[in-house]
Amino acid sequence: MESKCVNFWIGLGVGSILGAMAYRLNRKHKCKCLKDKLSHAWHTAADKAEDVVDDAKDKAEDVAETIKDKAEEIKDKAYGFAGK
């Protein structure tokens, strides 16, 4: 009876240690996966933000060019009216 009891406690101790190690390794893997997913999301958001900024810059340049063209047209008309 003593031998079976000792074997039980040894098995329980070894099983607990292996279980704790497996849990710890599994948690590290989950943390790494979560870190990778967050990093990917961060880079994706940064890339999209750069695209939005570039698009806004292009649109602002187009609007500025349109305003400049309209201003030149108005200036030409004003000089035309003044010259007549």
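Where is the place of I67? I67 sits in helix 1. Before going on, note that this is a predicted model.

Staying with I67, its relative accessible area is 54%. Exposed means over 50%, so I67 counts as exposed. The residue can also be used to get a sense of distance along the chain. I67 and C33 are 34 residues apart in the chain, and their C-alpha atoms are separated by 51 Å.

Next, M21. This residue too has its place in helix 1, which covers residues 2-83. M21 has a relative accessible area of 48%. That value falls between the 20% and 50% limits, so M21 is described as partly exposed.

M21 also belongs to a surface patch. The patch is nonpolar, has an area of about 560 Å², and is made by V6, I10, V14, I17, L18 and M21.

Now the aromatic side chains. How many aromatic pairs does the count come to? The count comes to one. The pair is formed by F8 and W9, with 5.3 Å from centre to centre and 70° between the planes. Planes over 60 degrees apart count as edge-to-face, and therefore this pair is labelled edge-to-face.

The accessibility of these two residues is the last item. F8 has a relative accessible area of 49% and is partly exposed. W9 is at 53% and counts as exposed. The line between the two classes is drawn at 50%, which is why F8 at 49% is put in the partly exposed class, while W9 at 53% is put in the exposed class.

Notes: Residues are numbered from 1 along each chain as its sequence is written. This is a predicted model: local features need pLDDT of at least 70, side-chain atom pairs count only at pLDDT 80 or more; totals for chains, interfaces and linings use all residues. Side-chain values use heavy atoms; hydrogens and water are left out. Patches are made of residues with over 30% relative accessible area and no salt bridge: like charges are joined within 9 Å, nonpolar side chains (Val, Leu, Ile, Met, Phe, Trp, Tyr) within 5 Å. Accessible areas come from the Shrake-Rupley method with a 1.4 Å probe; for residues, only the protein chains shown count as cover. A salt bridge is a side-chain nitrogen of Lys or Arg within 4 Å of a carboxyl oxygen of Asp or Glu. Helices (H or I, at least four residues) and strands (E, at least two) are DSSP runs, numbered from the N terminus. Buried means under 20% relative accessible area, exposed over 50%, partly exposed in between (1.4 Å probe, protein chains only). Rings of Phe, Tyr and Trp (its six-membered ring) pair if their centres lie within 6.5 Å; planes under 30 degrees apart count as stacked, over 60 as edge-to-face and the rest as tilted.
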